[in-house]
Amino acid sequence: MPQAVISAQNLTQKIQLADKSLSIFENLNLDIMKGEQIAITGRSGSGKSTLLGILATLDQASGGELTVCGENIAALNEEQRALVRLKYIGFVFQSFQLLPHLTALENVMLPLRLHANFQYAEAEHRALELLKKVGLERQAEQTPKVLSGGEQQRVAIARALISQPKIIFADEPTGNLDSQTAKEIEQLLFALNQELGTTLVLVTHDLKLARQCQRHLHLFEGQLHEHVQGGDHV
C-alpha cells in the first residue's frame, strides 16, 4: 500500500487577535502520496499560503498532527525541523528569492553549502546539470539582474531540486510571470515532477493550472474541498 509523504490529521491553525482567537482552518485531514501533483486554491486570505507553510514545516500548527517523510513534526524543535527541510524539501517562491550578487550557478548551488559534506566540484557539476535541464546552461555565470522573470524562476526551480528533495512546495510559482512564460514554467514543473518522481504541492490563484494537477484542493471557510473531474467538489 502506498505511503503518504505528507499526512495531516485534525490540522488546526488559530491566531490571537487582541482578546479573541481567529480560526484560519480547523481539523483538516490530508494525505499526499509520493509523486503526486497537488494544487491548493482559495480566495485571498483563505489561509492557503498559511497551510502550505505548515505542510512545509516553515510554521507550526496550533493543533493536530503532521507527518512529513515519516517525521512527526510536532515532536521536533526548530533546528530539527530545519534538518527535515534540508533533507526532504525544496521551495519555489512567487518572487524567486534569488541572491542578486550571486550568479545563476551559485544560486543553484547554495542549498548544498548547508550540507556538512559539501564538496564544491560535485555541487558545481550537479548545479550545471540542473541548469541544463531547465534550459539555462548558457546563463550559468549571469546574475539575476540580467535574467528575465521566467529565467529567474527556472533558476529557482533548479535550486529547489539541487538537494534531490522528496517534495517541492511552490507558492504562486507563476504569479509574477506573463501568460506565455507562466505556461512554460508550468510545463517545466510537471515535466520535472514526472521525470524525477518528486511530489509537487503548489498554491495558486490560477484555476487552469490547478486543473492540470492530479488533485485540486480548494480551501474555503476553513475546510478543504477536493475537486473531481468536471469541476465539482466533494
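In what order do the 4 strands of the open sheet lie? The order is E2-E1-E4-E5, and the pairing is antiparallel; two strands count as paired if DSSP finds at least two bridges between them. Strand E2 (20-33) and strand E5 (71-72) form the edges, each pairing on one side only. Helices (H or I, at least four residues) and strands (E, at least two) are DSSP runs, numbered from the N terminus.

The model is predicted, with local features requiring pLDDT of at least 70 and side-chain atom pairs counted only at pLDDT 80 or more, while totals for chains, interfaces and linings use all residues. Residues are numbered from 1 along each chain as its sequence is written, and side-chain values use heavy atoms, with hydrogens and water left out.

Strand E1 (residues 4-17) runs antiparallel to E2 and is joined to E2 by 10 bridges. Leu-17 stands opposite Lys-20 in E2. Helix H1 (residues 48-55) lies across E1, E2 and strand E4 (63-68), at about 125° to E1; axes are lines fitted to C-alpha atoms, for helices over the stretch in contact, and angles run from 0 to 180 degrees between N-to-C directions.

Asp-171 belongs to strand E7 (residues 167-171). Asp-171 counts as partly exposed because its relative accessibility is 22% (buried is under 20%, exposed over 50%, partly exposed in between; 1.4 Å probe, protein chains only). Leaving aside residues up to four places away in sequence, Asp-171 touches Ser-49, Leu-52, Val-92, Phe-93, Gln-94 and Val-203 (contact: heavy atoms within 4.5 Å). Val-92 is 79 residues from Asp-171 in sequence, with a C-alpha to C-alpha distance of 6.5 Å.
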